[in-house]
Structure formats: C-alpha cells, structure tokens
Amino acid sequence: MENPNVSMLIIFAPNATNPEVRSAVEKLRHEGANILVRVSWEPDDLTRFIDEAVNTGIDTVIAGGGDGTINAVATALMRCQSSSRPALAILPLGTANDFATSAGIPIEIDNALALAIKGKATLIDLAKVNDDFYFVNMATGGFGTRITTETPAALKSALGGMAYFVNGLFRPDTLKTDICRVEAEDFNWEGETLVIGIGNGRQAGGGQALTPNALVDDGKLDLLLIPAREIIPAIVNNLFNPEKNDSIIRRTSSWIKIHSPHKMVFNLDGEPLSGETFRFEILPSIIRCRLPPQCDLLS
C-alpha cells in the first residue's frame, strides 16, 4: 500500500494539547493536505508509528518537538530499509530547537508545518555513534553536556534556551575536566578538556554555535575541542571575536574516536550516552529531510 501524499505528524504527549498545532493541522487539511497525527505516550509508541508509516507507504514523517524528538524519530527511521524509509520533516516545538533554528525552519507553527509537508526532500548526513546510536545535530561532551542534561524542565519552560546559561552560572560543580584522547583524520590530541562538540549541525545548548561552519551534506563531522587550560580565554575570545579564537581546536573528519580512562557522558541531541570509548562516524546522504530553500546547512 502506498500513500505518497500522506504525512504523519508524531508529537509527544506534552505537545498534544497545543492549540496552535491543532489549528495548523486543521488549516492545512482544509487546503487539501492529508496529515495523520499520532501522539506518543509510551516508549514503544514511536516504533509502532514508524512501522505504520513504512507499512502503508507514507512518504513523510514529521517530528513534532525539539532536538531530542528529531533524534528519536530519525533513529527510528534508520531502523527501516532505505528503500522504504520515509522522509524526515520537522515541526519545532522544543525548548531550544537548535537544529531547526540553524536550518532556517520557521518558528511559526503553521509555516513550519507547511514546509514539513510541501518542502523539497534533500538527502542529508547523519552521525552514528558506537554502532547503535545516531544524532542529526550535535554531540557535546564536558561542561555543556552537564548543563543541558541537568537543567530543570521548569527552568527551560520559563526561560527557553537561556535556561542553560543561567543554570550554568549557578552550577560551579559542573566545571569538571575530562581526561581523554581524541583521534580523527590526520589529528591526535590527548589531555584535559572542558568542552567537546561534534557537529553535523551547528549549534547546541540553546543557540551556542559550537561548530558554525558545519554542513549536513558534506560527508564530514566538525570537531570543536577546548582544552581545560584554555577555557577562560576561549570564552572571552568567543564573546568578542568568535571568528578568530586561537584557544579553540577545530577539525573536520569523517570519523572521530574518543577514549577516556574514566566514564564520560556525551549528549546526542539531548540524549545522554555514557562510556569510556566513543566512535563517531558520518553516514553521508543517508536520509531525506525537508528543509527550507537555500538552507544554510546545505552546501
């Protein structure tokens, strides 16, 4: 069974009662769009919805939420055969919406939903971690990870992306270094670091442009590494002259390996992953995504 003109919007329970979402869906249905809405309440729901989309030939699955929701939907889509994999589209309903923002997806719900069902589907890269995990936007380790994973939901609801910064100011206990070895193409580094960013997209943590030159269709990951001894000059330089910062190490590579003698935590689009060894690799042109015309993340 094929439904090439049908889209499935998947939203998680907290967004199910959003009146703007309901209004946008009704408006587009009135204009002739065929949109199915599925609300995820339990962990198994997402897999069931993606199976339904694949089995009925639905062309587009819309992730209604923030970066974590996009990650969850993209990961579920990667479990499908490539020949039957629906396109990914995005309705930004999260706290920070880092990927949607850097991709230029409209913040207005009706415009974003219209793009999700009518926009051109373009092949983009995904990042794979340790064979079992994926991310669309960014993996962060160190200080940034502790802030984003430990910021209270109530604070995020009240302040949006600024909540991460505010929480960091009052959490000096998060300023702990990680000892690690980092390898990539023509690159080796070992020492103490406070911040590691590995980007397929450009920003994380509510608008922090960690890998500002990243592209989602170049077959590369962008690496940001701030050694612990350089954290203060790095912050100061980034505030006043972000384009010229000698304190920050930047590289591009199709793969990156990180090993630590202790447990580290990486935040994959909002989902924490702990371990001592991480291998990141890019999967080029692996999934179709509906993005705006002249999207800055495309080469």
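Reader: How many disulfides does the structure hold?

Author: This is a predicted model, in which local features need pLDDT of at least 70, side-chain atom pairs count only at pLDDT 80 or more, and totals for chains, interfaces and linings use all residues. Residues are numbered from 1 along each chain as its sequence is written, and side-chain values use heavy atoms, with hydrogens and water left out. A disulfide is a pair of cysteine sulfur atoms within 2.5 Å. For Cys-289, the nearest cysteine sulfur, that of Cys-295, is 8.2 Å away. The number of disulfides in the structure is zero.

Reader: Is Cys-289 buried or exposed?

Author: Buried means under 20% relative accessible area, exposed over 50%, and partly exposed in between (1.4 Å probe, protein chains only). Because its relative accessibility is 0%, Cys-289 counts as buried.

Reader: Which residues does the UniProt annotation "binding site" cover?

Author: The annotation comes from an unreviewed UniProt entry. UniProt positions are given in the numbering used here, feature names are shortened, and annotations may be inferred rather than shown by experiment.

Reader: Does Asp-218 count as buried or partly exposed, and why?

Author: Asp-218 is found in the loop between β11 and β12, strands being DSSP runs (E, at least two residues) numbered from the N terminus. Leu-215, in the loop between β11 (208–209) and β12 (221–227), is buried because its relative accessibility is 18%. Asp-218 has 30% relative accessibility, so Asp-218 counts as partly exposed.

Conventions:
Helices (H or I, at least four residues) and strands (E, at least two) are DSSP runs, numbered from the N terminus.
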